[in-house]
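User: I would like to go through this model with you and ask, for each label, what it rests on.

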Amino acid sequence: MAPKHVIVCGAGGFIGSHLVRRLKDDGHWVRGADLKHPEFSTSAADDFQIADLGRQDECDRVFDRPVDAVFQLAADMGGAGYIFSGDNDARVMHNSASINLNVLEAAKRSGTQEIFYASSACVYPEHNQLDPDNPVTSEDSVYPAAPDSEYGWEKLFSERLYLAFNRNEGMKNRIARYHNIFGPEGTWRGGREKAPAALCRKIAEAPDGGTIEIWGDGKQTRSFLYVDECIEGTLRLMGSDFEGPVNIGSEEMVSINQLAELIMEVAGKKLTIKHIPGPLGVRGRNSDNRLIRDKLGWEPDAKLVRGLEVTYRWINDQIRGRP
Ligand code: NAD
């Protein structure tokens, strides 16, 4: 994109803080907004506003002028432990829906027309993801809808909201469904971390020859996308005429046991895996990249192990207190 004025909502989060850095590298003026500053680095944004986007007045303050593009990544989210316990459902739905309703209203009032919305693979029906070897995640398989979490239902509602603003308000919003993004500066402890970060932590903390615990039988499958490729896909979608929704994910599907083995290789450790009960999510999930190949002429292609090397090193340094 030519140099632009951009707002990143959720700029204090994992993907948001990487996105701000990339937008700055590309020469844009960036305003970040979030409840908090990034946890692991200083934001590269030109202007960073602490704001609760779940409140309309605070959203209006952030959107005090028209900008060329908005990246809306703010959401109340977490790993499986946060999303699937059921304890946080009301909070997750109310907070995230309020953010999206308010951001759209504030953007419209300010004369801003283009918003990227980060949806999730969690919108796909559970019944299409029971076979770990053949999960279905083609974009049109989302209906009839049956996500397996309230987090997924909120994402689906908000996808429809952004598309309704395209139809009725002349906006040019675009939607991607991210599939398990990982990388340095992602949450790696505390209960909201995802599988790659949680396993990197467990493996880094275990003594060689020791044991690590994995939720379930470890045969559930997933694909994981390195954060730089997620951002590349996001920017390509914003530079295109395609509104989506489109998957942004990797097609390199692995079981959680295989993921653990890969990280052990990266770490140079041999550990025993102990399977314990825990929240799991769907049985299998992979990204179906046919639509993104067709519409953008691009898809992520980095090997999973490359991203794991960088992420493991970063988490290992965090544990050992190395900056
Ligand atoms: P994250 O939790 O690190 O970032 C989300 C940010 O939103 C946080 O910094 C949080 O403080 C902020 N936020 C929450 N409520 C807010 C509020 N009321 N006002 C202002 N800011 C608020 O998550 P992430 O991994 O960077 O994900 C970014 C987006 O991508 C989210 O919308 C998420 O649902 C979506 N997504 C992520 C993944 C993934 O694997 N990381 C997968 C699918 C979809």
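User: Where is the place of Asn180?

Analyst: This is a predicted model, and in it Asn180 sits in the loop between strand 6 (174-178) and strand 7 (181-182). The phi angle of Asn180 is near 45°, a positive value in a residue other than glycine.

User: What makes the peptide bond from Tyr143 to Pro144 cis or trans, and where does Pro144 lie?

Analyst: The omega angle of the bond from Tyr143 to Pro144 is near -5°, and the bond is cis. Pro144 belongs to the loop between strand 5 and helix 5. A cis peptide bond also joins Gly244 and Pro245, with omega about 0°, and Pro245 is located in the loop between helix 7 and strand 11 (246-248).

User: Why is the pair formed by the side chains of Arg160 and Tyr143 called a polar contact?

Analyst: The label requires a pair of N or O atoms within 3.5 Å, one able to donate a hydrogen and the other to accept it. The side chains of Arg160 and Tyr143 are 2.8 Å apart at this contact, so the pair meets the cut-off. Arg160 itself is part of helix 5; from Glu126 it is separated by 34 residues in sequence and by 19 Å in space, C-alpha to C-alpha.

User: Which residues come nearest to the ligand, and what gives the most to the shell around it?

Analyst: There are 26 residues around the ligand, and Ile15, Asp34, Tyr151, Ile181 and Lys194 come nearest. Strand 5 gives the most to this shell, with three residues; helix 1, strand 5 (115-120) and helix 5 (150-169) each supply at least two. By class, the shell residues divide into 14 nonpolar, seven polar and five charged.

User: How do you describe the packing of helix 1 and helix 7?

Analyst: Two packed helices are described by the angle between their axes and by the distance between those axes. For helix 1 (residues 14-25) and helix 7 (residues 227-238), the axes come within 10 Å and cross at roughly 65°, and the crossing is right-handed. The contact involves Phe14, Ile15, His18, Leu19, Arg22 and Leu23 of helix 1, together with Val227, Asp228, Cys230, Ile231, Glu232 and Leu235 of helix 7. These contact residues divide into eight nonpolar, one polar and three charged.

Terms used:
Residues numbered from 1 in each chain as written. Predicted model: local features only at pLDDT ≥ 70, side-chain atom pairs only at ≥ 80, totals over all residues. Heavy atoms only, no water. Axes fitted to C-alpha atoms, helices over the stretch in contact; angles between N-to-C directions. Helix = DSSP H or I, 4+ residues; strand = E, 2+ residues; numbered from the N terminus. Left-handed = near helix turned anticlockwise from the far one by under 90°. Contact = heavy atoms within 4.5 Å. Nonpolar A, V, L, I, M, F, W, Y, C, P; charged D, E, K, R; others polar. Near = heavy atom within 4 Å.
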